[in-house]
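Okay, thanks everyone for coming.

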Amino acid sequence: MQYKAVIFDLDGTLLNTLDDLADSANRALAARGFPTYTVDEYKYFIGDGAEMLVRRALPEGAQDDDAVFGVLDAFKEDYSRNWNVKTRIYEGVNDLLTAVDGMGVRKAILSNKPHEYTLLCVEEYFAPGTFEMVLGMRPEVPKKPDPAGAFEIVQSLSLKPEECVFLGDSSTDIHTAKNANMLAVGALWGFRTADELTQAGAQVEIRTPMELMNHLKR
């Protein structure tokens, strides 16, 4: 027996988007007189949507709605112009996608990145048809770790959750997988630490994309 589909997180799993996100956020913060951060610090701001990124970046005492949504609007405007300056596919990801195809395993993406930017990134960095379904964060659907998006994907693919693997780099992704009753696989090359993934309950942790192939049979 083997799993029938892999659902991938995007940022920190398939694409290294960290520099572009950090640069846009820092420009939005600096323009309003707020402190900026190193790229590595943004690893812990990213993963739960753009609004949460901004809330985490703003200093304590400066997280009123005017500040949050002012910086958020500026961040979105800047990122809309600079989302693909430094972003790159992680080494080994394309080899993994080809190998997964060779097994007849289906592929989808579920991200907390806004839906329009998720689609833009996939269109820019992957060949057409690489993924059967691509979902980013949409206002009408609860974001990860709520399993609603994961359930939407498996229903569209006419599969059962337990037939699917969920691969991501953060505790949010691991909790999503577990909430959806999917195999929870942690990507150790992403934005977060092995300790975070372990504490979240990752059933498998892999150091390179191709290691996933060792876990697609059960």
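So, which residue lies over the face of Y3? That's R218, and it sits 4.5 Å from the ring centre. Keep in mind throughout that we're looking at a predicted model.

Now, rings with other rings. A quick reminder: a pair of aromatic rings is described by the distance of the centres and the angle of the planes. Here the count comes to seven aromatic pairs. Take Y37 and F45: their ring centres are 5.0 Å apart and the planes stand at 90°, so we call that pair edge-to-face. With over 60 degrees as the cut-off for that label, 90° qualifies. And F45 has a relative accessibility of 11%; buried means under 20%, so F45 counts as buried.

Next, have a look at F75 and Y79. This pair is stacked, with 5.7 Å from centre to centre and 15° between the planes. Where do they lie? Both are in helix α3, which covers residues 65-82. They're four residues apart, about one turn of the helix. Both F75 and Y79 are buried, too.

There's also a cluster to point out: F8, F126 and F131 come together as one aromatic cluster.

Key: Residues numbered from 1 in each chain as written. Predicted model: local features only at pLDDT ≥ 70, side-chain atom pairs only at ≥ 80, totals over all residues. Heavy atoms only, no water. Phe/Tyr/Trp six-rings, centres within 6.5 Å; stacked < 30°, edge-to-face > 60°. Buried < 20%, exposed > 50% of the residue type's maximum accessible area, 1.4 Å probe, protein only. Helix = DSSP H or I, 4+ residues; strand = E, 2+ residues; numbered from the N terminus. Lys NZ or Arg CZ within 6 Å of the ring centre and 35° of its normal.
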